[in-house]
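Biologist: I would like to learn how to read a model of this kind. Can we go through it feature by feature?

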Amino acid sequence: MKAIAKLTFLAAVMAITATVSARAQVADRLVDEQRPPAVEPAPGLPTKAPKAPPPLFIVNDNIIGYYYLPTATNPGAGQTPKNVLVFNHFDVWSYGTNFLSVEWLKATNNKNPPFGTPASPCDQGGPQYPPGAQQCPGYTEIYGFVRSTFGWNQIFSTKAYAVGPLTNIEFAVGADLNTDNTTLGSAKKSIQGGLQFDFETPYKGFLNIGAYAYKEWQHDGFASTFPFQPIPNPSGNVDFNPTWAVEVNYGQPLGSSPFKYKALVVLHGPKGCGETCQPLGPGLIRTTEYLTQQLLVFDVGQAFWNQPQRFAIFGGYRWWKNKFGIDPNQPNGPFIATTESTWLMGAAAKF
């Protein structure tokens with residue numbers, strides 16, 4: 001199952017807490033700091049107690065959730081439903097934001113490729129593991145990532161980067177890690193850095209557009225398990241070329257109703273094979289990767305308990321072309337399941 005590790009920023013779109021602009025959250029503090037010093041009270045008059053220092057984190061939210069992907073795919077292996085448990089953490093502090101997500105993914109279709117996505121060694125094919133046999137459980141993956149931003153308005157103590165619908169420009173950095181129990185032995189490590197542009201949309205919506213430099217490392221257990229290429233890779237280490245990435249995140253409340261629309265677009269540029277390319281080596285040809293996802297979120301807490309952003313359910317659609325950047329047309333023949341088209345549904349709670 002030559003699935004290379006999962007694309008970034010998927011769990012972020014199911015975060016039920018509203019996206020918060022760091023600039024807006026610290027506005028009151030900035031006003032307080034810019035006020036002139038208070039006049040000293042006359043002798044003998046009582047004095048007020050000193051003002052307590054502001055908290056380090058203005059927003060500090062944690063979310064647990066679950067969602068289901070009925071027709072997810074793993075390139076090279078096939079299609080499988082997936083159950084996903086997720087934990088999200090989001091905070092806002094004086095200079096920016098931090099977002100952490102950890103997902104546990106479990107495939108429910110354990111048929112051998114090209115009909116499912118089993119755990120190792122059933123994904124290796126051959127006479128021992130014939131197509132469609134059910135000899136191993138569905139594979140399991142753990143995926144985590146972090147994103148942090150540092151607002152220019154906050155760093156430079158200005159409002160110069162809030163013009164019209166633009167609310168801020170931010171330095172943005174991130175990293176991803178994963179592991180799974182396939183023969184691939186995915187061990188993704190990626191870093192990215194660049195700029196994010198934050199916009200306010202009508203009716204309290206937001207639009208964030210990020211442009212990044214992106215670098216990824218991986219592990220190819222197939223290359224070390226089957227080193228029968230003219231140029232083998234017995235270590236299985238994969239080192240991709242630096243490339244570009246774009247992330248777009250849009251959230252729009254639908255008036256005063258408990259519904260909210262969310263959309264995500266992620267693009268990754270070609271990153272090379274990471275190891276000697278086919279047909280001489282085991283490396284897959286990579287191309288530009290496209291992901292788009294739309295969600296309709298229903299805030300159950302707002303609708304029934306007057307507690308908005310506490311508990312929500314959601315449904316949506318995901319389309320993922322050239323998944324993990326894999327070109328479906330490889331020198332050694334077609335590569336299956338590189339396009340994912342699936343509905344998704346789930347629920348999340350904030351605590």
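Biologist: How many bridges join β2 to β3, and in which sense do the strands run?

Modeller: Some ground rules come before the count. This is a predicted model, where local features need pLDDT of at least 70, side-chain atom pairs count only at pLDDT 80 or more, and totals for chains, interfaces and linings use all residues. Residues are numbered from 1 along each chain as its sequence is written, and side-chain values use heavy atoms, with hydrogens and water left out. Now the general idea: strands (E, at least two residues) and helices (H or I, at least four) are DSSP runs, numbered from the N terminus. Two strands pair if DSSP finds at least two bridges between them. Here, twelve bridges join β2 to β3, and the two run antiparallel. The hairpin of β2 and β3 has two residues between the strands.

Biologist: Which strands does β1 pair with, and over how many bridges?

Modeller: Strand β1 (residues 57-74) is joined to strand β2 (residues 78-93) by 15 bridges, antiparallel. Tyrosine 67 stands opposite valine 84 in β2. These strands also form a hairpin, with three residues between them. In that turn, glycine 76 has a positive phi of about 85°.

Biologist: What joins β4 to β5?

Modeller: Eleven bridges do, and β4 and strand β5 (residues 166-180) run antiparallel. Arginine 147 faces glycine 174 in β5. On β3 (residues 96-107), β4 pairs in the antiparallel sense over eleven bridges. There, tryptophan 104 is opposite isoleucine 142 in β4.

Biologist: Why is β4 described as largely enclosed by the rest of the structure?

Modeller: Start with the cut-offs: buried means under 20% relative accessible area, exposed means over 50%, and partly exposed lies in between (1.4 Å probe, protein chains only). Nine of the twelve residues of β4 (residues 140-151) are buried, so the strand is largely enclosed. For the whole protein chain, buried residues make up 47% of the 351 residues. The chain's secondary structure comes to five helices and 15 strands.

Biologist: Is glutamate 103 buried or exposed?

Modeller: Glutamate 103 counts as buried, at 3% relative accessibility. This residue is found in strand β3. Its side chain has a polar contact of 2.7 Å with that of tyrosine 67. The term means a pair of N or O atoms within 3.5 Å; within protein, one must be able to donate a hydrogen and the other to accept it, and residues adjacent in sequence count only if both atoms are side-chain atoms.

Biologist: What does the side chain of glutamine 196 make a polar contact with?

Modeller: Its partner is the side chain of aspartate 198, at 2.8 Å. Glutamine 196 sits in strand β6 (residues 189-201) and counts as buried at 13% relative accessibility. Contact means heavy atoms within 4.5 Å. Leaving out residues up to four places away in sequence, glutamine 196 touches several residues, including Thr149, Asn168 and Tyr212.

Biologist: How many salt bridges does a search of the whole structure find?

Modeller: The search finds seven. A salt bridge is a side-chain nitrogen of Lys or Arg within 4 Å of a carboxyl oxygen of Asp or Glu. One of them joins the side chains of aspartate 239 and lysine 215 (2.5 Å, N to O). Aspartate 239 lies in β8 (residues 237-239) and lysine 215 in β7 (residues 205-219), so the pair ties together parts 24 residues apart in sequence. Aspartate 239 is partly exposed, at 42%, whereas lysine 215 is buried, at 17%.

Biologist: Where do lysine 271 and glutamate 216 lie?

Modeller: The side chains of lysine 271 and glutamate 216 meet in a salt bridge (2.8 Å, N to O). Lysine 271 lies in the loop between β10 (259-268) and β11 (289-299), and glutamate 216 in strand β7, so the pair ties together parts that are 55 residues apart in sequence. Lysine 271 is buried at 5% relative accessible area, and glutamate 216 is buried at 1%.
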